[in-house]
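Here is a short tour of a predicted model. Have the viewer open as you read along.

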Amino acid sequence: MDVSINGVPHSTVSLFNRALHYGEGLFETLRVVNDDPIALSLHLERLSRGAELLHFSPEQWSPLPSET
């Protein structure tokens, strides 16, 4: 399984990863039809709002839009 942690690709996740122990994270879903994300701007707004509520710094989540 390939994952991205803080925008950096990894093939594994360490058991010592803080998110695995404390459930820290932000999850949003995005519908994609024919390789086109639906309402991407609204999705990114939800991510931004969630990141702000969880006190994530922009550096912690800003790589996400470039991974789309």
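## Overall fold

The chain has 3 helices and 4 strands, where helices (H or I, at least four residues) and strands (E, at least two) are DSSP runs numbered from the N terminus. Along the sequence they follow the pattern β-β-α-β-β-α-α.

This is a predicted model, in which local features need pLDDT of at least 70 and side-chain atom pairs count only at pLDDT 80 or more, while totals for chains, interfaces and linings use all residues. Residues are numbered from 1 along each chain as its sequence is written, and side-chain values use heavy atoms, leaving out hydrogens and water.

## Surface and burial

The accessible surface of the chain is about 5700 Å², with 56% belonging to carbon and sulfur atoms; areas come from the Shrake-Rupley method with a 1.4 Å probe, and for residues only the protein chains shown count as cover. Of the 68 residues, 7% count as buried, meaning under 20% relative accessible area, whereas exposed means over 50%.

Phe16 sits in the loop between β2 (8–10) and α1 (18–22). Phe16 counts as exposed because its relative accessibility is 76%.

## Helix α2

Is Ala51 buried or exposed? Ala51, in helix α2 (residues 40–53), is buried because its relative accessible area is 0%. Its C-alpha atom is separated by 9.9 Å from that of Phe27, 24 residues apart along the chain.

His43 is also placed in helix α2 and counts as buried, at 8% relative accessibility. Not counting residues up to four places away in sequence, His43 touches Glu28, Thr29 and Leu30, a contact being heavy atoms within 4.5 Å.

Notes. Buried < 20%, exposed > 50% of the residue type's maximum accessible area, 1.4 Å probe, protein only.
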